Amino acid sequence: MAAMWRPPGGPVPVPDAGVDWFTHRRFFSDLFAVAVPETVHDLTGGQAFDLLRSLADVRAADPDQPADLVVAQARVPDPSLMDEGGLMIVAQSPPGADSPHVELSNGLTVFAGGDQSWLLSDAVVRWSAGYALTAADDERDYLRGRVHDLEDAIKGQEQRIELLEEQLLAARDEVARLLPLEVSPKAQVNALRRSIPVSIRKRMPRKRQPSATADQSQARSRIADDLRILKGRRLRGLLADYDEAWAGRPVQDYIETGIRRGAAINAKHLDVITPAPAQLPPELQWGDATLHGPDGVVKTAGVAELVSVVSPRLLSIDVWDTLVVRDRPADAAKLATARRMVLQPGAKLEDVFEAMAVRVGVEAQLAADDPMQEYELTDVLRVTAAELGVADEVVAQLVAAEIADEVALSRARDDIAALDHPHRVIASDFYMREDDLADVVRGVAPSFAEVPVYVSVQRRASKRLGGALLDLIRRDFGVTPQDHLHIGDNVHSDVDVQVAAGGHAIHVQRVDRFPGPGEFGRDDLPSCTAQLRSLLDGHDAENPSDDPHRTAGRHAAPVAVALVARGLEEAYRSGADRIHYVSREGLFLAQVHEIVEPILRPPGVPAVVPIHLALSRRATFGASLQAPYRFSLQRMWSMYARQSVTAMLVSIGVDPLDFDEQIAAAGLVADEVLTDARRDPRVEAFLADPQVEEKLSAHVATARDALRRYVESRTTIGTPFIVCDIGWRGTIQDNLVRALGIRSSVGVYLGLFPFLNAQPPNSRKIGVAFDGSIGEEFEYADPPAVLERPWTPDVPSTIGFETVDGTVMPVSEKESGHVSPGIAAFQSGTLEVADIVATWMSGFGLTTQVLRPEIAAWTKDLWCSPTHGLADIWFDSDHDDSFGALNSTTFGKVVPGPDWLDGDLATLVGEGMRASGWPEGYRAWAPVDSLVALARMR
C-alpha cells in the first residue's frame, strides 16, 4: 500500500448514483491484498457480494451475527452488524455520520473497527487517490500515478537508509572505543550491548544472562576441585617423593627444566600422567538363536548347533541383520543417496532428511501401484531424482554408489558366514536386483560368493506375503518344507511363514546399535557421532602414538574435515570448480581438501580443486582502501582503535618513514600509542593532508594492481568466488571483494564473531560451527587463536607482494616469538584420519547442515575440554596473531618454575588461569596437569 500513497489531486468527488460496485474492483483487490475478510454482510442487494466473491473466498454472514465486512449503498448500517475488528464501507453516505469514519477519494466512506483503525488515517486517504472516479481515471493515468507513488516511496526509503547509516556509524564509534575486541569475544558481547542506543536499551525487556552450558559447568567444577586439592600445597613438599635414581638426574635439574615440561618425578607419577592407551571397540556379541518348528520352539543355542539339530537338505539365509550387519543405521543407505542428490547443481532441496522423505514417499507410491508391493532401486531413484530436479544421467551412478556403500559399511555375521552346507541359498525381500545384492554378499561375506541369490523384486515373490519366495526356492531345489531350514531376523517374514508351511526356522536376534528400518531421524545424530568416535578410537588403538600432539590432531580432525566439507558442499551445489584457502592455515586446510574431496564428491559432479592463496589481512588491507581514507580505516579501527600511527601505516603496507614530515605537522609522534585513533583530531588532520592522501592513493593503486595480478596468476575470479578460512570475521574476504571488485563471494569459516563493520554487497559468510552475528553462542572460543595455532604451519606470513622477473610473488616476514614444535605432529594426526571422518560423513549421508549441532559441540569441546596436546601447543607458543602490524596481543602464559617452590599452588595456578584467559587450557597444560597429579597422589 505504501507504494500507492500520494496526495489527492483535488476535492473528494461524489460518484453518480448509477456507479456500481464493480467500478471499485481495483480498490477492493488491493485492499484484500492487505486483509481478506471471512464473512460479509451485503446490504446492496447482492451487487457488492458478487464482486467480493470474485476477489476472494468469502461467505455471507449469519444475519444475527456481526461480520468482518459490511457494505451498504447509501445508508449507514447499524454499527452492531460490524465485528469489533471489522470495517464498514458505504457508497453515497449521508453527511453527519456519528461513528468515526473517513471519506475516500473515490467517494466511498469507511467506518473501521478497533483493529482496523489504521484505515481512518490520512495515509489511507492519500492511498485511495489512486482510485478516484474522475473522467481521467483510465488505466494509463492510473499507472502513471503508480510510478509517481513508487518514486516517492524510493525517495523516502533513501532518506531512511541515510538515517540508519548514521545510527550504524554512531554504534560502531561506540564499539571502537573499547580495546582490541577481536582478541576477546567476551569483550565483544559487552561492546555490542553498550553500542545499543540508550533510548532503545531502556525499552528492551531485561533478560537474565544464560547460565553456563553443561560442558562449561563441568569444566569449571573440575577446575574448582583441582584448586581445592592444591590449596595449602607447596611444590617443595610435593618434590619430597622425587626419585633421583629413577629420573637419572638430580632434583635441581628437575626444578630448572623438568617442571616446565611436566615431567614425572617417579614411576608412579609417570603412570598417573600418562594417558591410558586407546582400546579397540568391543567385538559385537551375536547371542544365542532360537530354533522354531511346526510343533513350537525346539531349542535355544548357537546357530551352528541348531543347524546340526535339524540337519536339513536345504539351508536358506536372509541377508540384512542375518548374514550381513550394517555398521550404520539401516536407512543411512537412503540418506547417503539423498546426500548425493541434494549436492547436485540445481537440486530442489538441500536438507538430506527432507530428500530422503521424498524417496520414502516414492517407494510407498510404487509399492501401492504394484500388485506384489515391490519396487526396484533403479526405478525409485529415477523417480526421486526427477522430483528433486536431479539429472536422469546420474541415476545409474547413484545406484552403483549405494551398492558400494552397502559393501564398505557392512560386515558379515561370522557365526552365519561360517555355516557350510552343500545346498545354501540367499533369500531376501529387497529392492536390489539379484546381481547387485550378490555383489554385496560377495564383498562382505566371501564364503558365500557362489551361493545363489533369490530377491523378491526380481522373482516377483516375497517371504512376507505368504512365504511365496521360500516356496519358489523349495520348488527349484526339489525339497519339501520338512527338509528346509531358513535363518532370519524377522519374526513374520523369516519365522512365521516358514513354520506355517511345515518347515523349520532359526530366529537370530538383531544387534540394536542403531535405529531400525524406518526409524532413523535427526534425533539419532548422537549415535552416529558415537560411531565416528569409535572408529577414531579404533584407529588410535591400532596405531598407538606417544606423541600427545599427534593424538590431539586426530581428536580434532572432525572439525577440520567439517570446515572443508562445508566449502565443498557450497561448491558442488553452485557448480564452482575451486575453493580458495587463504592465509597460512589455508596450507593445512588445502591438504585436508586433497584427502576428503574424492570421498565426499557426489556422482556426476566435477572435481573441486583447492587453491591456496598466500594472503593475510595485512597483505590485502591496503589494496582494499578507498578515499577518503578516514572512513576506509574504520574497518580496522572498529577492531583496533588503540594503536600508533606507525602501526596504522605498516598495516596499510607503507613505510612510516615516508610520512615523517606529515606526522610531525599533524602534531603526532610516530610510535605514540593513541587511545582512540579514529577520534583523535591529529589523525584526522594527518589523513586530510593532501600529501598524505596522494601518497596513500598511489600506494593503494599499486597494491591493488599487485594483488590482482597475484590472484589472477593463481586462479580465475569466477562467480561465486569461494573463500575458506578458520574465521573469525572474514576480513580477507572483505578485502578481496573491495580490492578486486568481486561481484559474488561466499566465505566458509569454522566460526564467525559478530560483525563490527558493514558487509560488502553480494557477499555471504557461513559459520560452520557458530555464527555470533545471528545470536549463536561464540564466547567460549576465547582465545580465538587456540585453534589457529595448531592449524598454522611454521612458515612466514605474507605482508605484501613484489614483482620478480615479471611475476608477482608474495613477500613474507617471520614474526617474532617461537612456535610449538608440536604443530607439525598435530597436523599429521588430522591428515592421518581425515579419510575416516569423510567416509563416515558420506556413508551415513550427513551434510554439515544436518551435522551442525554436532559440529558446534565438537568445536566447543576443543576449548572447554582440551586435550593435553592442544593446550601444550598454545602455551608453548608466544606469538598471537592480530589484524596487521604491531598489534600483537598478550595472553598470559605463566610457566611453573623454581619460583613456585614455596608458594601456595592453588593461588599460583589460579593466577595463571586468570592471566591466560583460557583456564580450561591452562589446567590441561602438561606442567599444570603434572602438579595436580602430584597433589592428588599425596
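Me: Which residues in α24 meet which residues in α34?

Reply: Please keep in mind that this is a predicted model. From α24, the residues Phe588, Gln591, Val592, Ile595, Val596, Ile599 and Leu600 take part, and they meet Gln827, Thr830, Leu831, Ala834, Asp835, Ala838, Thr839, Met841 and Ser842 in α34. By class, this contact has 10 nonpolar, five polar and one charged residues.

Me: What makes α24 roughly parallel to α34?

Reply: The axes of α24 (residues 585-600) and α34 (residues 823-844) cross at roughly 25 degrees and come within 9 Å. Angles under 35 degrees count as roughly parallel, and therefore α24 is called roughly parallel to α34. The crossing of these two helices is right-handed.

Me: Why is α22 called roughly antiparallel to α34?

Reply: Helix α22 (residues 525-542) packs with α34 at an angle of about 150 degrees, and their axes are 11 Å apart. The word antiparallel is used for angles over 145 degrees, so α22 is roughly antiparallel to α34. In this pair, too, a handedness is assigned, and α22 passes α34 in a right-handed crossing.

Me: Which residues make up that contact, and how do they divide by class?

Reply: In α22 the residues are Cys528, Thr529, Gln531, Leu532, Leu535, Leu536 and His539, which meet Glu832, Val833, Ile836, Val837, Trp840 and Phe844 in α34. Sorted by class, the contact of α22 with α34 has nine nonpolar, three polar and one charged residues.

Me: How do you know that α23 and α36 are roughly perpendicular to each other?

Reply: Helix α23 (residues 548-574) and helix α36 (residues 868-875) have axes that come within 7 Å and cross at roughly 110 degrees. Angles of 65 to 115 degrees count as roughly perpendicular, and α23 and α36 are therefore given that description. Their crossing is left-handed. Pro548, His549 and Ala552 in α23 meet Gly869, Leu870, Asp872 and Ile873 in α36, and the residues of this contact divide into four nonpolar, two polar and one charged.

Me: Which peptide bonds are cis, and where do their residues lie?

Reply: One of them runs from Thr719 to Pro720, with omega near 0 degrees, and Pro720 is found in the loop between α31 (690-714) and β20 (721-725). Another cis peptide bond joins Gly727 and Trp728, where omega is about 20 degrees, and Trp728 lies in the loop between β20 and α32.

Me: What is noted about the phi of Ser311, and where is this residue placed?

Reply: Ser311 has a positive phi of about 50 degrees, although this residue is not a glycine. Its place is in the loop between α12 (303-310) and β9 (314-317).

Me: How many cavities of 30 Å³ or more are found, and how much space lies in the largest cavity?

Reply: A search of the whole structure finds six cavities of 30 Å³ or more, and about 100 Å³ of space lies in the largest cavity. The word cavity is used where a 1.4 Å probe fits but cannot get out.

Me: What lines the largest cavity?

Reply: The lining is made of Arg635, Met639, Arg729, Thr731, Asp734, Arg738, Phe755, Leu756, Asn757, Gln759 and Lys765. Helix α32 (residues 731-740) gives the largest share of this lining, three residues. By class, the lining residues divide into three nonpolar, three polar and five charged.

Note on methods: Residues numbered from 1 in each chain as written. Predicted model: local features only at pLDDT ≥ 70, side-chain atom pairs only at ≥ 80, totals over all residues. Heavy atoms only, no water. 1 Å grid on protein atoms, 1.4 Å probe; cavity = no way out; pocket = protein on both sides within 12 Å on 5 of 7 lines; lining within 4 Å. Points joined across faces, edges and corners; volume = space filled by probe spheres on them. Helix = DSSP H or I, 4+ residues; strand = E, 2+ residues; numbered from the N terminus. Nonpolar A, V, L, I, M, F, W, Y, C, P; charged D, E, K, R; others polar. Axes fitted to C-alpha atoms, helices over the stretch in contact; angles between N-to-C directions. Left-handed = near helix turned anticlockwise from the far one by under 90°. Contact = heavy atoms within 4.5 Å.
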